[in-house]
2 protein chains.
Amino acid sequence: MKTENFYPVILAGGRGTRFWPLSRKRRAKQLLALDGKRTMVQQTVARLLPFAPADRFWVITNDDSLSEILRQLPRLPKRQVLAEPVGRNTAPAIGLAAFLLLQSAPNAVVGLFPSDHVVANEAGFRQALKQGIEIAAAGENIVVLGIRPTRPETGYGYIESGAAAGKGMRVRRFTEKPDAERAAAFLAAGNYFWNSGMFLWSARTLTNALREHLPRTARVLEQIADAFGTSKFEVTFRRLYPRCENISVDYALLEPRSAKGEGASNIFCLPADFGWNDLGSWTALHEHQVAKGHPLDGNVISGSGNFTLDAADNYIYAPGKFVAAVGVRDLVIVETEDALLVTTRERAQDVGKVVKHLDQKKLHKLV
Amino acid sequence: MKTENFYPVILAGGRGTRFWPLSRKRRAKQLLALDGKRTMVQQTVARLLPFAPADRFWVITNDDSLSEILRQLPRLPKRQVLAEPVGRNTAPAIGLAAFLLLQSAPNAVVGLFPSDHVVANEAGFRQALKQGIEIAAAGENIVVLGIRPTRPETGYGYIESGAAAGKGMRVRRFTEKPDAERAAAFLAAGNYFWNSGMFLWSARTLTNALREHLPRTARVLEQIADAFGTSKFEVTFRRLYPRCENISVDYALLEPRSAKGEGASNIFCLPADFGWNDLGSWTALHEHQVAKGHPLDGNVISGSGNFTLDAADNYIYAPGKFVAAVGVRDLVIVETEDALLVTTRERAQDVGKVVKHLDQKKLHKLV
């Protein structure tokens, strides 16, 4: 299934504070084996290896995660693992990869993949990706993998689709996280999809779009790409990259492009249904694992053993310990060597506030 | 305040499974520093040292706790720390101490003290004990320290008092744990007190009572006491003690004695108010510590540090760990090297069921 000219770019620069206390500055969410034996970035790469050999992968990460990424992905070419000197959101990260690829492989089809999501149905994923690559390779097209929504989720961006086009459909509009009422309307309408953050386009289309919609940043990225392979690359990268605009690919490229109208924008959505989950919180992980394993009473417990009595729908992570849960419901308990998190499924989204507190108190060892 | 002829007998044979996972077979409740820096048995001894030198103390414990008791109480005479070969409840344990003392100190006033309760007001305790020793020394009297009830507790035995007698009152009746309705009536009546399990009587009165109410066990205990100090003691103790009836001092002696009527029984209650708490569960410990320390939002958290957000009335024990509690209420979380307990204040009384499960599953390392 290897597809000539297909180059996966893995975005691995996030921090994932909502998985504290397991996630830390130097052990970001994508570097954890939250679900399964391999880490999430390792799973992301493994999922794409049927499409491209290891030497075609690029990874954009940051200084905190670099050494761990290199350790976890030893087969990838080290020079293609780039650590941003500062975070500048997705548009510059993606743009840099595109300009670099344009030089070395002018006909490259670039696939952009977040490294901290999970996919339950790998065969479904491969099918969607194959179709997406074909559309992206066919011209000035931008392809986004859309996920058929299963609930009125307010935490995701939505894609409004329009006319059918081959195996996909044209994109009418990108919509940021909606409120509950709009999310319910989107779900009912049937032509809205969750934005998976997975995009496919040729390096040429992507660099052209950057030049058009984000010209200043495009010029900075071109300069950096020009230095690649020379002794000055590191210095140039570190000096110039901070000058890029701090903006997401959605805001910078997709929304202005889609404003041209669904006929002119050439943005396509491939609606897919491959058990995607962005694991936005401990609660999302809990739900993902309940859906996968159907555990007794909805309790997902990691430990050396456990005993539950009148306990249901809890997520408890305490590796190496015997866990006893009595008369508790909807709790999220996570224990590491130096920290213990005690919260609920409902409040797990606020775990980032704990990290904010620790940052403020300069409790560096704990973040 | 040393009182001639006063001999404290410490009952330290309990297991205290409701404090699992901190309490274990070889680390029973009384051997833990649940409240304060010293363990509960150490606190019990320290509380009594103003009344008697260390060489007048006796301790009744069991094989599982023996070595730890000796380690924690190095000043006590080793030969006066006795390990029951099997548990036989309080009547035989107390009786053995009485027969042993009758031989070595015929005028001994024996004080019986559970080792797993806490006392907040030490001065109040000393005052009550002083008065109790005086009454017990004055003749064929039995003195019980009664606790003024502060709530309709259904977990304790009650003492119904009658006519005033000096600084105490005569005891009319002992009542086992009442149901909620009766407990409320007892609280309203005003002449009911909690049975603290602390008793005072002369060795002669106690041994006479045993001979009268428990004659078979009394004969066994006399035989064991006769062997004390000889090379045959250990063997005799281990062989004969299991023949004692398995019965509490309340059932065996106090209830039949009080049935003689409050004038004839010579049982006296000293109502006292010294912040007594039998710490029957994690919830009781939590309440005791809240009453003592008035912590913010009722959270009692043991850890290397903590951050709470919308969290109230939780007991969390995770020594050495930073604890973050977000949006949780009324939880009891206790973490040790090999186990994690997750329950609620309401259900903490069921922790014994966890231990029962572990016993059944033969998970010996965990009990």
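In strand β10 of chain B, the bridge partner of B:Ile142 is B:Ile267, in a model that is predicted, for which local features require pLDDT of at least 70 and side-chain atom pairs count only at pLDDT 80 or more, while totals for chains, interfaces and linings use all residues. Residues are numbered from 1 along each chain as its sequence is written, and chains are lettered from A, with ligands numbered from 1, in the order in which they are written.

B:Ile142 belongs to strand β6 (residues 142–147) of chain B, where helices (H or I, at least four residues) and strands (E, at least two) are DSSP runs numbered from the N terminus. Pairing, which requires that DSSP find at least two bridges between two strands, links β6(B) to β10(B) (residues 267–272) in the parallel sense over six bridges. With β9(B) (residues 192–202), by contrast, β6(B) pairs in the antiparallel sense over five bridges, and there B:Ile142 stands opposite B:Trp201. Six of the six residues of β6(B) are buried, so the strand is largely enclosed by the rest of the structure; a residue is called buried if 20 or more other C-beta atoms, placed from the backbone, lie within 10 Å of its own, exposed if 12 or fewer do, and partly exposed in between. B:Ile142, B:Val144 and B:Gly146 point one way from the strand, whereas B:Val143, B:Leu145 and B:Ile147 point the other way, and all are buried.

Chain A is divided into domain 1 (6–277) and domain 2 (282–366), with bounds that come from an automatic or database domain assignment. The centres of the two domains of chain A, taken over C-alpha atoms, are separated by 29 Å. Eleven residues of domain 1 of chain A are in contact with 15 residues of domain 2 of chain A, contact being defined by C-beta atoms, placed from the backbone, that lie within 7 Å. On the domain 1 side, these residues divide into seven nonpolar, two polar and two charged, where Ala, Val, Leu, Ile, Met, Phe, Trp, Tyr, Cys and Pro count as nonpolar, Asp, Glu, Lys and Arg as charged, and the others, Gly among them, as polar.

Chain B can be laid on chain A with an RMSD of 0.0 Å by a turn of 180° and a shift of 0.0 Å along the axis, the superposition being made by least squares on the C-alpha atoms of residues with pLDDT of at least 70 in both copies. The two copies are thus related as by a two-fold rotation axis, and the same surface serves both, since 100% of the contact residues of chain B recur in chain A. The contact takes 31 residues from each of chain B and chain A. On the chain B side, β13 (305–309), β15 (322–326), β16 (331–335), β17 (339–344) and α11 (351–360) each supply at least two residues, and β17(B) gives the most, with six. The residues of this side divide into 19 nonpolar, five polar and seven charged.

Strand β15 (residues 322–326) of chain A runs parallel to β17(B), joined to it by four bridges, with A:Phe322 opposite B:Ala339.

How values were computed:
Contact = placed C-beta atoms within 7 Å.
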